Amino acid sequence: MAAPCTGVILAGGLNKRFDGQNKAFIRIGGTRIVDRLLDVYAGLFEQVVLVTNDPAAYMDVDALIVTDHYSVRSSLNGLHAGLFAAAHEYIFIAACDTPFIKGVLIQRMLDAIARKADIIIPSTSAGYEPMFAVYKKTCLPAMVWQLERELLKIQGLFRRLRVKTVDEAELREVDPELVSFFNVNTPADLARAQALHRQIR
């Protein structure tokens with residue numbers, strides 16, 4: 001690893017499209033998504049932080065549980081809380097609804113850490129992947145500036161900070177189908193995830 005890094009899982013969504021069901025606890029192939037993530041993180045990070053506004057639901061999770069600092073709900077808010085709580089200078093962040101994250105792709109992101117970059121982020125034909133990226137503690141002031149003004153798009157940070165991209169060709173070297181970016185947002189996504197699990201197990 002290029003630098004000490006904390007693994008962060010963002011689990012603060014409202015899950016509206018699942019009638020309030022917590023997506024972190026959805027089972028793919030019999031295993032909760034959050035546990036699949038924790039298994040991958042265990043091989044990469046000494047510290048794992050989980051950000052949630054329902055800490056009681058995660059009492060069985062082996063991670064440092066933290067909550068948002070600001071009342072407005074947004075991924076940026078959760079990202080800020082995870083980065084603030086991290087013991088290390090860098091964090092890698094992923095969402096709790098991504099069941100197929102590959103450790104080798106995370107490692108590729110960690111290998112891309114550069115001292116002169118505040119954010120290391122995948123760049124694909126679909127755009128940036130801000131929820132599969134590395135953030136440095138130097139991002140915190142810009143995050144606070146945006147949150148205090150309720151400017152909630154993570155992409156807003158890119159204009160204020162030093163960004164290093166990892167291109168799609170390099171990503172596909174270790175994750176050819178980019179399944180690491182697949183997330184379960186809807187019941188239809190869940191059906192696809194179950195089918196994909198049967199194909200790749």
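Colleague: In which strand is the place of Ile119?

Modeller: The model is a predicted one. Within it, Ile119 belongs to the element that covers residues 119-124, namely strand E7.

Colleague: Is Ile119 buried or exposed?

Modeller: Residues under 20% relative accessible area count as buried. Ile119 has a relative accessibility of 0%, so the residue is classed as buried.

Colleague: Which residues is Ile119 in contact with, leaving aside its neighbours within four places in sequence?

Modeller: A contact requires heavy atoms within 4.5 Å. With those neighbours left aside, the partners of Ile119 are Val134, Tyr135, Cys139, Leu157, Phe158, Leu161, Arg162, Val163 and Lys164.

Colleague: How many Å apart in space are Ile119 and Leu79, C-alpha to C-alpha?

Modeller: In sequence, Ile119 and Leu79 are 40 residues apart. In space, the separation of Ile119 and Leu79 from C-alpha to C-alpha is 12 Å.

Colleague: Why is strand E6 largely enclosed by the rest of the structure, and which of its residues point the same way as Phe92?

Modeller: Strand E6 spans residues 90-95, and six of the six are buried, so the strand is largely enclosed by the rest of the structure. In a regular strand, side chains alternate between the two faces of the sheet. In E6, Ile91, Ile93 and Ala95 point one way and are buried. Pointing the other way with Phe92, and likewise buried, are Tyr90 and Ala94.

Colleague: How many salt bridges does the count come to?

Modeller: Side chains of opposite charge can pair when their charged atoms come close. The rule asks for a side-chain nitrogen of Lys or Arg within 4 Å of a carboxyl oxygen of Asp or Glu. By this rule, the number of salt bridges is ten.

Colleague: How many residues apart are Glu89 and Lys136, whose side chains meet in a salt bridge?

Modeller: The N to O distance in the salt bridge of Glu89 with Lys136 is 3.7 Å. Glu89 lies in the loop between helix H2 and E6, whereas Lys136 lies in strand E9, so the pair ties together parts whose separation in sequence is 47 residues.

Colleague: What is the distance between the closest N and O atoms in the salt bridge of Asp60 with Arg32?

Modeller: Arg32 is buried, with a relative accessible area of 12%. Asp60 counts as exposed, at 51% relative accessibility. The closest N and O atoms of this salt bridge lie apart by 3.0 Å.

Methods
Residues numbered from 1 in each chain as written. Predicted model: local features only at pLDDT ≥ 70, side-chain atom pairs only at ≥ 80, totals over all residues. Heavy atoms only, no water. Buried < 20%, exposed > 50% of the residue type's maximum accessible area, 1.4 Å probe, protein only. Helix = DSSP H or I, 4+ residues; strand = E, 2+ residues; numbered from the N terminus.
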